[in-house]
Amino acid sequence: MANVKQLASAALTEGKGVLRLAPNWVPRVFLQPGRRLKLHPADYYALGTHRGGIDERWFSSTTPTTNEGAPPDEGLSYCVHAGQKFTLKDVIAELGAEVVGDHIWNKYQRWPVYSKFFDNMGPIPHHMHLDTERAQLVGQEGKPESYYYPPQLNSTVNNFPYTFMGLEPGTTKQDVIDCLARWNDGDNGILDLSKAYRLKPGTGWLIPPRVLHAPGSLLTYEPQWGSDVFGMYQSMVEGRAVPRSLLTRDFPKDKHDDLEYIVDALDWEKNVDPHFKDSNYLEPIPVADTEREGYIDRWIVYGKVNGEQLFTAKELTVNPGAKLTLKDGGAYGWITVQGEGKINGLRLQTPAMIRFGQLTDDEVFVTAKAAAEGVTIENTGSEPLVSLRYFGPDAQPDAPNVGDYQRR
């Protein structure tokens, strides 16, 4: 096989700065797939029941999973060109700033974010993701994340379209310690201390690290930091026991029985925020008034996490027959969720069903150089061409702040 640098350069020349990516499937042994990822019904357990059902598809990822028993490349996105496959991670290692831009390459030496479709039949345990300071104690990165519920993939909301988030104001740390102490008694009651929010397709949330959340059953698009770190604080979900190892797996081994330490890992102020929704809820905001030009670009993920813009995302809708040149402030991962068309001449097509291992035409990665110069997008079909794209740190200085949708 030709070396990655040669293959990537050839692919970027053909796509004018756009790389074709293969579907990237991830299983979870402790969850039940929601079956809206467009996988063939026979393929949701393609990796074997011992690995769990496939309930995630990761986009433009250079982040491996931390699943037990996973091969080293699980979670890594592969580029496809001339019948060859090579990881996006290797492309970025070879070409650096040419792909991700000077700012991201100089600061991170990698693509530090990723996104995914997260798709489950019911709710998952109340859990949090550590911040960088605490995650580094076990050799990992922290993980803030965000949610958007694409209407195209939520024609059915499955079993529990509600998400518990944070803790009720007035909850004490001792209340949570007492819950964790009851882990093996059945339901430890952690949800009695929280509040559920009904999920609405076409909206989203920004979730900082160290904030408890129990995602519900809508299929979710999740731009986030490049990490797979978490701690589950709920002992039972829908009558199924959650192994205590999923609470402690990303804490130092000498702290696994230190309940006070585990509870102190929560950001208490953010968890008991009496205005939690105002601080974290997102609704789409148009980037500009372009409907008369045949397209609408909307912010779907925006805002800062602890004062930093770590990731953002947009939803682009292009009407049949329309064509545009799209410019952006940084590299991005793109997934098509409706319709068909072209991006810099590469075909875009939304599949109805995908076999495990099959290549598709719905996902690409756009380099920082191409994004700045502008990519050409056209709708060649008879229905709207709709895509989601996410960006890395500081790519969108003009992005809105949380709550700005209320001032439209």
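This is a predicted model: local features need pLDDT of at least 70, side-chain atom pairs count only at pLDDT 80 or more; totals for chains, interfaces and linings use all residues.
I noted about 150 Å³ of space in the largest cavity. Its lining is made up of 18 residues, and I listed the closest to its centre as Lys 116, Phe 118, Ile 124, His 127 and His 129. I then checked which strands take part: β6 (113-118) and β8 (145-148) each give at least two residues to this lining. By residue type, I recorded 8 nonpolar, 3 polar and 7 charged for the largest cavity.

**Entry 3, second largest cavity.** Here I read about 80 Å³ of space. I counted 13 lining residues, with Lys 38, Arg 57, Phe 117, Leu 153 and Asp 362 nearest the centre. Strand β23 (residues 332-338) contributes the largest share of this lining, 3 residues.

I located Thr 367 in the loop between β26 (363-366) and α11 (368-373). Is Thr 367 buried or exposed? I put it down as buried, because its relative accessible area is 3%, and the cut-off for buried is under 20%. I followed its side chain to the backbone nitrogen of Ala 370, which the side chain of Thr 367 reaches at 3.2 Å. Leaving out residues up to four places away in sequence, I listed Leu 12, Gly 17, Glu 98, Val 99 and Ala 331 as touching Thr 367.

Notes. Residues are numbered from 1 along each chain as its sequence is written. Side-chain values use heavy atoms; hydrogens and water are left out. On a 1 Å grid over the protein atoms alone, a cavity is a set of points where a 1.4 Å probe fits but cannot get out, and a pocket is an open set with protein on both sides within 12 Å along at least five of seven lines; lining residues have an atom within 4 Å of a point. Grid points are joined across faces, edges and corners, and a volume is the space filled by probe spheres set on the points. Helices (H or I, at least four residues) and strands (E, at least two) are DSSP runs, numbered from the N terminus. Ala, Val, Leu, Ile, Met, Phe, Trp, Tyr, Cys and Pro count as nonpolar, Asp, Glu, Lys and Arg as charged, and the others, Gly among them, as polar. Buried means under 20% relative accessible area, exposed over 50%, partly exposed in between (1.4 Å probe, protein chains only). A polar contact is a pair of N or O atoms within 3.5 Å; within protein, one must be able to donate a hydrogen and the other to accept it, and residues adjacent in sequence count only if both atoms are side-chain atoms. Contact means heavy atoms within 4.5 Å.
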